[in-house]
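Dear colleague,

Please read the notes alongside the coordinates.

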Amino acid sequence: MRAKARDLDTMIRRVRRKTVQARDKPNVVGVDPKDNAKEGLEPTVIDDINLLEEEQGADWISIPDDTLVGLFGLLNYRDRASLASVCKTWRRLAASSCLWTSLDLRAHTLDAVMASSLAGRCKNLKRLRFRGAGPASAIIGLKARGLRDLSGDVCRDLSDATLSMIAARHESLESLQLGPDCERLTSDAIRVVAVCCPKLKRLRLSGLRDVDGDAIGSLVKMCPNLIELGFLDCLAVDEGALGAATSLRFLSLAGSRNLSWNVAAHVLSKLPNLYAIDLSRTEVTAGAVTRLLGAPQLKVLCALSCPTLEDNCDAVSKLKTKILLARFTDFVKGLESLFPRFFRSDTRSSVGENGWSSSPSAWRQGWAGREEDRSWEVMEWVEWVLSHALLRIAESNVPGLDSFWLKQGTAVMLRLLKSKQEDVQEKGATALATFVVIDDENATVDKARAEAVMKGGGIASLLDLAKSCREGVQAEAAKAIANLSVNTEVAKTVATEGGIRILAALAKSPNRWVAEEAAGGLWNLSVGEDHKGAIAEAGAIEALVELAFKWPSGGEGVLERAAGALANLAADDKCSTEVAGAGGVHALVMLARFCKHEGVQEQAARALANLAAHGDSNGNNAAVGKETGSLEALVQLTCSSHEGVRQEAAGALWNLSFDDRNREAIAAAGGVEALVALAQSCSSGSQGLQERAAGALWGLSVSEANSIAIGREGGVAPLIALARSDSEDVHETAAGALWNLAFNPGNALKIVEEEGVPALVHLCSSSQSKMARFMAALALAYMFDGRMDEVAAGVVLCENNARGGGLDGARKLAMRNIDTFVQAFSDQPTLQAATVSWAPSFLTAVAESARIQEAGHLRCSGAEVGRFVAMLKNGSAVLRGCAAFALLQFTMPGGRHAMHHAGLLQKAGAGRVLRAVAAAATAPLQAKVFSRIVMRNLELCPSDTPQAFP
């Protein structure tokens with residue numbers, strides 16, 4: 001008996017709350033111009049060049065150098081690298097130092113070799129962003145002595161020596177930002193920065209253990225132009241020393257601890273130029289806030305998520321000319337009053353009464369007169385503070401913030417997406433991606449928050465950012481879209497507004513960071529059936545498959561998301577064919593064989609399982625089995641230490657075992673031993689793992705040789721244990737496996753010896769699953785139809801079996817419950833009426849009341865059908881009734897394998913036996929009527945040639 005197909009598991013999602021702490025190095029810096037021609041990404045200049053050459057025959061070689069340099073200046077560094085390959089002249093011009101004033105290397109691993117190759121272009125480099133301590137050490141190799149703005153992420157391992165070396169080589173620095181968690185940096189490095197960088201205007205450091213007075217004093221003394229200082233999430237800051245920083249206009253102590261707020265309020269309120277201060281996520285008191293707001297020069301105080309202040313918020317004096325950004329204030333209204341130029345009444349949008357305008361045109365209008373009004377500096381600082389504070393609050397996932405997020409937080413984050421500052425846009429998108437997720441492990445998204453983003457126009461804003469040429473912004477926008485798309489209504493909006501094509505294009509990005517987040521978005525959008533077709537039409541399947549070939553090792557994040565998306569898509573029949581046609585089988589098998597990351601292994605195995613689940617409609621099942629190393633890899637994965645990997649690998653083997661060649665090849669690859677071991681060890685595992693372990697053994701046991709091997713390897717006992725599970729899926733699958741095993745007399749005896757009869761009897765009488773009851777009854781019928789008797793002769797049963805009456809006691813118990821089971825599907829008055837007239841209407845009524853719909857998925861071999869035919873002649877009335885009932889199920893019109901079974905019955909000459917049973921005066925009533933129905937079913941099925949279906 002061939003196992004029933006496992007239902008496709010497509011409800012798999014993935015969300016990400018935390019900011020990514022590391023990115024891998026991409027393979028190349030060039031791009032394929034054809035990739036940018038897809039809808040959703042901004043076209044590049046090289047596309048326009050190709051188009052003009054085709055339409056007008058333009059001679060680009062004769063264009064003056066200064067014009068070409070101007071054109072190159074409109075491109076990002078990847079497009080410039082692509083154009084540099086056209087000719088020597090363009091290569092020389094693309095390397096012009098005037099084009100390399102800003103560089104974002106966060107997606108790359110900057111080392112000494114790379115820095116040396118870039119040094120010739122970086123003479124005029126003014127702005128640099130990097131990620132990690134390793135790249136920081138190589139920065140001096142760029143020889144960018146004129147560098148003014150340096151920003152570093154993930155600086156946990158950055159040392160004093162490295163920062164001191166950077167400061168000594170870049171004396172023109174005006175802005176330095178490092179964080180988060182710069183726990184190895186000390187005040188000594190700050191002193192070196194102060195001495196070496198006298199032009200410093202902005203310093204933002206995060207996560208230091210201690211900032212002493214000497215370090216602050218050095219900054220005050222050596223950096224006269226210092227107007228902004230940020231010590232965020234520091235364990236200790238000498239607040240008294242800040243009183244000497246008279247040039248400061250902006251100060252942030254957000255997240256810092258161990259501060260004396262009486263001292264801080266006293267000295268900070270006296271700073272003559274201090275215009276704005278950020279004390280978010282601290283224990284600042286209401287008294288300190290009141291004193292600071294009383295300082296005449298201070299206009300803005302940010303105190304988001306300050307528990308001590310919020311518990312005593314009524315004690316805070318409210319001044320009309322000051323803005324207090326706190327959860328208990330309407331700070332948007334305050335900003336509007338203080339900065340009317342930026343918040344005009346005619347730019348209000350659909351965000352709502354407490355929201356900022358989400359219209360790009362409105363934002364541009366709000367910036368009119370920027371040169372005349374220097375308050376834009378304050379607004380930029382407020383944006384940066386809010387983006388950082390909201391992201392950290394979202395990451396902490398503190399309960400009880402729903403009201404804040406829905407009334408103010410969402411609107412503020414949407415407004416931040418319109419900022420002119422790239423890092424604010426990134427943090428705003430990351431905050432949106434984070435705050436909607438309330439449970440990382442179970443991929444749970446807050447419905448109200450997600451829909452608030454959607455109703456506020458956030459999806460359109462995020463898609464606009466995703467089309468940006470800035471890869472950091474692309475990645476964070478794609479992450480937000482991915483997380484929001486867990487909500488079905490948001491997913492529909494993403495699809496309606498063209499988000500699928502945008503994500504499909506981003507999945508082709510040469511930046512692994514961008515491709516990873518885009519693949520995550522496609523993963524979530526591919527859940528269910530609504531968007532699979534659109535994803536395929538957008539060319540995303542090819543892009544997802546290509547990711548596995550582009551980064552076959554390393555980059556586990558992008559590989560896991562690509563494999564997860566392909567797994568969801570493979571659940572659809574049409575899409576599964578496209579996945580295979582795009583080379584997906586080979587790609588997924590390569591991941592299963594060679595990738596050591598458990599998340600990638602799990603999703604690759606799940607994808608292969610779904611590809612193999614369409615055996616009736618396409619050739620993917622056979623194709624997976626034929627792929628070199630596929631079956632061996634899946635067998636090996638069943639031994640993984642990760643439960644998810646074991647579960648999906650077993651599920652894949654279950655589906656693959658539907659193919660005859662695959663079934664034997666799995667056994668030859670050690671599948672029987674591995675799956676028996678898995679069944680023996682999964683008693684404490686999840687129900688999904690138990691179901692798939694039993695299912696894979698069910699599939700393998702279709703072969704008599706495999707069935708014998710399973711019994712020999714000790715597979716009977718764990719299957720009996722699984723048959724006792726309370727889970728219907730688990731005990732139904734285990735019953736199917738035991739039915740197959742019981743066909744062999746030796747295994748049947750093992751089932752008796754391992755006390756399997758009581759377990760099967762319990763299923764037969766008590767399970768809520770009709771299929772479990774049915775297969776348990778058939779297993780018991782196999783065991784006691786007489787074929788086991790010769791094997792059991794002379795065998796001494798265990799003590800428990802002996803106390804239960806031995807083999808005879810087990811037989812009586814089994815027969816009694818088989819009879820009860822068959823009777824439960826038999827309406828006696830209807831049966832009596834059918835035997836009187838044999839009218840088709842009565843037979844149909846009996847058949848429909850007896851029918852088990854799911855049994856139509858079962859497929860028996862010729863030997864099994866022959867055994868049921870022989871059982872019709874058994875001396876036991878119970879077995880004759882059970883055999884007729886089983887054949888009725890297998891031949892019911894509309895069943896998937898009804899024609900196959902009809903052909904086998906006709907080939908076995910069953911018609912004569914069925915007629916004899918139907919006409920026998922002494923035959924049980926059920927056997928008589930069910931046999932007559934089987935005969936009718938055979939007449940309704942085509943009978944010229946027995947037809948076997950895969």
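How many disulfides does the count come to? Taking a disulfide as a pair of cysteine sulfur atoms within 2.5 Å, the count comes to zero. The sulfur of cysteine 182 has its closest cysteine sulfur in cysteine 155, and at 4.8 Å that is too far for a bond. Cysteine 182 is buried, with a relative accessible area of 0%, where buried means under 20% relative accessible area, exposed over 50% and partly exposed in between, with a 1.4 Å probe and protein chains only. Cysteine 595 is also buried, at 7%.

Please keep in mind that this is a predicted model, in which local features need pLDDT of at least 70 and side-chain atom pairs count only at pLDDT 80 or more, while totals for chains, interfaces and linings use all residues. Residues are numbered from 1 along each chain as its sequence is written, and side-chain values use heavy atoms, with hydrogens and water left out.

A search of the whole structure finds 17 aromatic pairs (rings of Phe, Tyr and Trp, the last by its six-membered ring, with centres within 6.5 Å; planes under 30 degrees apart are stacked, over 60 edge-to-face and the rest tilted). One of them is the tilted pair of tryptophan 654 and tryptophan 698, at 6.5 Å centre to centre and 35° between the planes. Because tryptophan 654 lies in helix H32 (residues 643-656) and tryptophan 698 in helix H35 (residues 687-700), this pair ties together parts that are 44 residues apart in sequence; helices here are DSSP runs of H or I with at least four residues, numbered from the N terminus. Both tryptophan 654 and tryptophan 698 are buried.

Tryptophan 739 and phenylalanine 890 form a stacked pair, 6.2 Å centre to centre with 5° between the planes. Tryptophan 739 belongs to helix H38 (residues 728-742) and phenylalanine 890 to helix H48 (residues 877-891), so the pair links parts 151 residues apart in sequence. Tryptophan 739 is buried at 0% relative accessibility, and phenylalanine 890 is buried at 4%. Both rings belong to one aromatic cluster, whose members also include Phe743, Tyr782 and Phe930.

Arginine 867 lies over the face of tyrosine 782, at 4.6 Å from the ring centre (CZ of Arg or NZ of Lys within 6 Å of the centre and within 35 degrees of the ring normal). Arginine 204 lies over tryptophan 384, at 3.7 Å.

Finally, in helix H32, 13 of the 14 residues are buried.

With best wishes

Conventions
Helices (H or I, at least four residues) and strands (E, at least two) are DSSP runs, numbered from the N terminus.
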